[in-house]
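Work through the exercises below with the sequence and the structure in view. Each task is followed by a solution in steps.

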Amino acid sequence: MVTGGASGLGRATAAHIARSGGRVMVADLPGQSGLADEMISEFGADKVKFAACDVTSEEDVSGALAAMKAADWSINASVSCAGIAVAAKTLSKKGPHDLKMFSTVIKVNTIGTFNVARLAAEAMAANEADANGQRGVIINTASIAAMDGQIGQVAYASSKGAITAMTLPIARDLAPNGIRCMTVAPGLFLTPLLEKLPEKVQHHLGSQIPCPNRLGDPAEFGQLVGSIITNPMLNGETIRLDGAYRMPP
Ligand SMILES: NC(=O)C1=CN([C@@H]2O[C@H](COP(=O)(O)OP(=O)(O)OC[C@H]3O[C@@H](n4cnc5c(N)ncnc54)[C@H](O)[C@@H]3O)[C@@H](O)[C@H]2O)C=CC1
Ligand SMILES: C[C@]12CC(=O)[C@H]3[C@@H](CCC4=CC(=O)CC[C@@]43C)[C@@H]1CC[C@@H]2C(=O)C=O
């Protein structure tokens, strides 16, 4: 299952899994079903399915997992890519940071990610263990903003910092169930999130990345997720995927 799987990093991950012979439940907001339909046409309905799902809702996430079970698909990997970003300072000329905005970002990014992790873990725990005694892997998406939070990113950086912080305790909690937990902290990737910015700004951002000297390709994120799924020793850690970029203040 890939949440936020209709767009950007999630879409590239779903495509990577489908191309590698896997089956993917794309769980995304109902408004994204058109984008998911494109993937279903590309890979076939036996490889890709769509579940309308708000990650903050227990009912929706349980529904997506139930749809997998109904299709006789086991859940071996749960990848959380659903996320939102806002820009606002703690205090600006407009006044203090809007508290509702802060709560919304925490709700979608942090609580949504944990909601998916806990419910996916319950489903994975019923899988038969493989030769390593493992039943599945939970993969979260943070951001380098978790470590290098910029001016105006207090809500976003907090939400992503919590995702990196939950990685080790989730891995420890789920070790007895044979379930791993990893987090990827991407740098700057060319997805609709960044495509919103003027091209000049996109080029400038790409030029700041040491090596490779360009924005990340979402396929490279999908490739890392594929490696995490297949490498049984990766557990309890956050991996930066950023071409050695460190964000300035
Ligand atoms: N693009 C980048 O450079 C970076 C992205 N990230 C993170 O990667 C993740 C994916 O970002 P992108 O692919 O760039 O963004 P995107 O905007 O292309 O995709 C995000 C997807 O999440 C879905 N989504 C949003 N709220 C949701 C909810 N409540 N329930 C279910 N789905 C929901 C959206 O519908 C969308 O399909 C996000 O968590 C973002 O914070 C982190 C670092 C860098
Ligand atoms: C997501 C990330 C950090 C941001 O907050 C910005 C986003 C690009 C588009 C944006 C424009 C704005 O006006 C508000 C901020 C933001 C949403 C950036 C793309 C990658 C950044 C990130 O997470 C890096 O790790």
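**Exercise 1: ligand 2**

Ligand 2 sits in the largest pocket. The model is a predicted one, in which local features need pLDDT of at least 70 and side-chain atom pairs count only at pLDDT 80 or more, while totals for chains, interfaces and linings use all residues. Residues are numbered from 1 along each chain as its sequence is written, chains are lettered from A and ligands numbered from 1 in the order in which they are written, and side-chain values use heavy atoms, with hydrogens and water left out.

Two terms are needed here. A pocket is an open set of points on a 1 Å grid over the protein atoms alone, where a 1.4 Å probe fits, with protein on both sides within 12 Å along at least five of seven lines; its lining residues have an atom within 4 Å of a point. A molecule sits in a pocket if more than half of its atoms lie within 2 Å of the grid points.

Task: Describe the residues that surround ligand 2 and the polar contacts of this ligand.

Solution.
- Step 1. Find the shell, meaning residues with a heavy atom within 4 Å of the molecule. There are 13 residues around ligand 2, and the closest are S143, I144, Q153, Y156 and L194.
- Step 2. Sort the shell by class: Ala, Val, Leu, Ile, Met, Phe, Trp, Tyr, Cys and Pro are nonpolar, Asp, Glu, Lys and Arg are charged, and the others, Gly among them, are polar. The shell around ligand 2 holds 10 nonpolar, three polar and no charged residues.
- Step 3. List polar contacts, which are pairs of N or O atoms within 3.5 Å. Oxygen atoms of ligand 2 lie 2.8 Å from a polar side-chain atom of Y156, 3.5 Å from one of Q153 and 3.3 Å from a backbone N or O atom of P186.
- Step 4. Read the cover, with accessible areas from the Shrake-Rupley method and a 1.4 Å probe. Of the 490 Å² of accessible area that ligand 2 has on its own, the protein covers 76%.

**Exercise 2: ligand 1**

Task: Where does ligand 1 sit, and which residues come nearest?

Solution.
- Step 1. Ligand 1 sits in the largest pocket.
- Step 2. Around ligand 1 there are 27 residues, with S7, D28, Y156, F189 and T191 coming nearest. By class they are 15 nonpolar, nine polar and three charged.
- Step 3. A polar side-chain atom of Y156 is 2.7 Å from an oxygen atom of ligand 1. For Q32 and for K160, the corresponding distance to an oxygen atom of ligand 1 is 2.8 Å.
- Step 4. The protein covers 93% of the 830 Å² of accessible area that ligand 1 has on its own.
- Step 5. Helices here are DSSP runs (H or I, at least four residues) and strands likewise (E, at least two), numbered from the N terminus. α1 (8-19), α6 (154-174) and α7 (192-195) each supply at least two residues of this shell, and α7 gives the most, with three.

**Exercise 3: the largest pocket**

Task: How many residues line the largest pocket, and which lie nearest its centre?

Solution.
- Step 1. The lining has 47 residues, of which I84, A85, Y156, T191 and L193 lie nearest the centre of the largest pocket.
- Step 2. Two or more lining residues come from each of α1, β2 (24-28), α6, α7 and α8 (199-207).
- Step 3. The lining divides into 28 nonpolar, 15 polar and four charged residues.

Definitions and conventions:
Polar contact = N/O pair within 3.5 Å; in protein donor to acceptor, adjacent residues only side chain to side chain.
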